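This report describes a protein chain through its contacts, its charged pairs and its surface. Please look at the structure first, then read on.

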Amino acid sequence: IFFLLNTTVFLLLYIFSKCLYHEPWTVAPYVMMAMLGLTWGSAFYFFVTRVSSWQKTPAESRSFNKPCVLFGFYDNHDVWHFLSAFALFFSFLLIFTMDDGLVNMQRDEIRVF
């Protein structure tokens, strides 16, 4: 959790700094931010949906069971794993593409923050 919070704070600070210094953006980071919000939001939904309880006995925990939601095989917990993996992928793609707008600028013109 600390890694995720640290990464989120760093990413928000970096986006704020880029906007503050009016650095150019390409289309790719905007697409990645949209996909990032969509996948993290969906992953969070499947994360908070309870399909079992480890605090109860196995027989009592079965009362939480729900039908599989993806292809009749994967349950909410599996879908959470898939969506969070995609969300991490889009997070790294956002970091990777965020400075693409600086490719045509001279190095001495780029603000360092």
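A salt bridge is a side-chain nitrogen of Lys or Arg within 4 Å of a carboxyl oxygen of Asp or Glu. The model discussed here is predicted, so local features need pLDDT of at least 70 and side-chain atom pairs count only at pLDDT 80 or more, while totals for chains, interfaces and linings use all residues. Residues are numbered from 1 along each chain as its sequence is written, and side-chain values use heavy atoms, with hydrogens and water left out.

## Salt bridges

How many salt bridges does the structure hold? There are two, and a network of these bridges links Lys18, Glu23 and Asp99. In general, side chains of opposite charge can pair when their charged atoms come close.

| Salt bridge | Distance, N to O |
|---|---|
| Lys18 and Glu23 | 2.6 Å |
| Asp99 and Lys18 | 3.0 Å |

The bridge between Asp99 and Lys18 joins two side chains at 3.0 Å. Because Asp99 lies in the segment after H4 and Lys18 in helix H1, this pair ties together parts that are 81 residues apart in sequence. Helices here are DSSP runs (H or I, at least four residues), numbered from the N terminus.

Lys18 counts as buried because its relative accessible area is 0%. Glu23 is buried too, at 9%. Asp99, at 31%, is partly exposed.

## The loop between H1 and H2

His22 is placed in the loop between H1 and H2. Its relative accessible area is 71%, so His22 is exposed. The phi of His22 is near 55°, a positive value in a residue other than glycine. Most residues other than glycine have a negative phi.

Trp25 lies in the loop between H1 and H2 as well. Contact means heavy atoms within 4.5 Å. Leaving aside neighbours within four places in sequence, Trp25 is in contact with Ile15, Lys18, Cys19, Tyr30, Met33 and Met98. The C-alpha atoms of Trp25 and Val48 are separated by 34 Å, and these residues are 23 apart along the chain.

## The nonpolar core

A nonpolar core is a set of buried Ala, Val, Leu, Ile, Met, Phe, Trp, Tyr and Cys residues joined through side-chain atoms within 4.5 Å. The largest one has eight residues: Leu11, Ile15, Trp25, Met32, Leu36, Phe90, Leu94 and Met98. At least two residues of this core come from each of H1, helix H2 (27-48) and H4. In soluble globular proteins, nonpolar side chains tend to be buried together.

Not counting residues up to four places away in sequence, Ile15 touches Trp25, Met33, Leu94 and Met98. Met98 lies in the segment after H4 and is buried, with a relative accessible area of 1%. With neighbours within four places in sequence left aside, the contacts of Met98 are Leu11, Tyr14, Ile15, Lys18, Trp25 and Pro29. Met98 and Pro29 are 69 residues apart in sequence, yet their C-alpha atoms are 5.5 Å apart in space.

## Aromatic pairs

Rings of Phe, Tyr and Trp (its six-membered ring) pair if their centres lie within 6.5 Å; planes under 30 degrees apart count as stacked, over 60 as edge-to-face and the rest as tilted. A search of the whole structure finds five aromatic pairs. The rings of Phe47 and Trp80 have centres 5.0 Å apart and planes at 40°, so this pair is tilted. The pair links distant parts of the chain, with Phe47 in helix H2 and Trp80 in helix H4, 33 residues apart. Phe47 is partly exposed at 48% relative accessibility, and Trp80 is partly exposed at 21%.

## The nonpolar surface patch

Patches are made of residues with over 30% relative accessible area and no salt bridge: like charges are joined within 9 Å, and nonpolar side chains (Val, Leu, Ile, Met, Phe, Trp, Tyr) within 5 Å. Accessible areas come from the Shrake-Rupley method with a 1.4 Å probe, and for residues only the protein chains shown count as cover. Phe3, Leu4, Leu88, Phe92 and Ile95 make a nonpolar surface patch of about 480 Å². Which helix gives the most to the nonpolar patch? H4 does, with three residues. Leu88 lies in helix H4 and is partly exposed, at 36%.

Conventions:
Buried means under 20% relative accessible area, exposed over 50%, partly exposed in between (1.4 Å probe, protein chains only).
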